[in-house]
Amino acid sequence: MRKLYEKCLSQTQFSVLNFEQIFQLSQKRLKRELKAELIASGYTVQKQKGFLYAAGTLPVLLVAHLDTVHYDPPETICYSTDGTIMMSPQGIGGDDRAGVYMILRLIQRVHCHVLFCEDEETGGHGARAFTKSGIKPDVNYIVELDRTGSNDAVFYQCRNRQFERHINSFGFQTAFGSFSDISILAPHLNLAAVNLSTGYYHAHQPGEYVRLDKVEELIGRVEKLLQT
């Protein structure tokens, strides 16, 4: 079964984490391992209560959150027979571990700024901590990777139609969403921001699952977006 799902993913090897650990670690431990992963990728990391931040050279801030709605991380991960779908009886936590995985993949090719926030699901506490930290990333816009499906682009109080058209030119469609970390971050930094799909479905439900083929496709599309 492992060989089947690996066919859906790049052969990129992270320095510290493997693919399944991203989904199975507790928020606390994942934060610790992500710091090591970012350092191994050449970043200088600021680890503070509520978030990890690492400045890059490409002026875009990538954002994902570390917590999920599930009380415990999944002990068992199951895959469909064709290897394209992953889920767990304990809840897979694709929201937002799929976004975390995507960022780790993307920064292998595009050295963006990175922000991993804690406790988004209980009110965006990590994002709020970041706004109080005094850190001001020198970036042009924010891309959050925390949206269900494979084509959604959610803009929060963004009146920049040129930015919206640019994002949607990469195969995304404007959608409406509820609260996310950029609801806090974008107004604080006074930047255009978008929340893009990351390939998980039925968020916050026991039957949540991740489409690995869609994750792979989305990584390619977002990478092209960031390189323009």
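This briefing describes a sheet, the helices beside it and some aromatic contacts in one protein model. The model is predicted: local features need pLDDT of at least 70, side-chain atom pairs count only at pLDDT 80 or more, and totals for chains, interfaces and linings use all residues. Residues are numbered from 1 along each chain as its sequence is written, and side-chain values use heavy atoms, with hydrogens and water left out. Helices (H or I, at least four residues) and strands (E, at least two) are DSSP runs, numbered from the N terminus.

**The sheet**

- Eight strands form an open sheet with mixed pairing, in the order β1-β2-β6-β3-β7-β10-β8-β9. Two strands pair if DSSP finds at least two bridges between them.
- The edge strands, β1 (45–48) and β9 (173–175), each pair on one side only.
- On average, neighbouring strands of this sheet are turned by 25° against each other, direction ignored. Axes are lines fitted to C-alpha atoms, for helices over the stretch in contact, and angles run from 0 to 180 degrees between N-to-C directions.

**Strand β10 and its surroundings**

- Six of the six residues of strand β10 (residues 192–197) are buried. Buried means under 20% relative accessible area, exposed over 50%, and partly exposed in between (1.4 Å probe, protein chains only).
- Strand β7 (residues 141–147) runs parallel to β10 and is joined to β10 by six bridges; here Val143 stands opposite Val194.
- Strand β8 (residues 152–155) runs antiparallel to β10, with three bridges between them; here Phe155 stands opposite Val194.
- Strand β3 (residues 58–65) pairs with β7 in the parallel sense over four bridges. Val143 of β7 is the bridge partner of Leu62.

**Helices**

- Helix α6 (residues 161–168) lies across β7, β8, β9 and β10, and runs at about 165° to β8. Contact means heavy atoms within 4.5 Å.
- Helix α7 (residues 182–189) lies across β3, β6 (112–117), β7, β8 and β10, and runs at about 175° to β7.
- Helix α3 (residues 27–40) has 14 residues and reaches 20 Å from its first C-alpha to its last, close to the 20 Å expected at 1.5 Å a residue. The expected span is 1.5 Å times one less than the number of residues in the helix.
- The buried residues of α3 are Gln27, Leu30, Lys31, Glu33, Leu34, Glu37 and Leu38. An α-helix has 3.6 residues a turn, so residues three or four places apart point the same way.
- Among the elements that cover the buried residues of α3 are α2 (19–24), β1, β2, α4 (94–106) and β6.
- Gly42, which follows α3, has a positive phi, near 95°.

**Aromatic rings**

- The structure holds eight aromatic pairs. Rings of Phe, Tyr and Trp (its six-membered ring) pair if their centres lie within 6.5 Å; planes under 30 degrees apart count as stacked, over 60 as edge-to-face and the rest as tilted.
- Phe51 and Phe130 are an edge-to-face pair, 5.2 Å centre to centre with 85° between the planes. Phe51 lies in strand β2 (residues 51–54) and Phe130 in helix α5 (residues 125–131), so the pair ties together parts that are 79 residues apart in sequence.
- Phe51 is buried, with a relative accessible area of 0%, and Phe130 is buried with a relative accessible area of 0%.
- Phe155 and Phe163 form an edge-to-face pair, 5.9 Å centre to centre with 85° between the planes. Both Phe155 and Phe163 are buried.
- One aromatic cluster is made of Phe14, Phe19, Phe23 and Tyr101.
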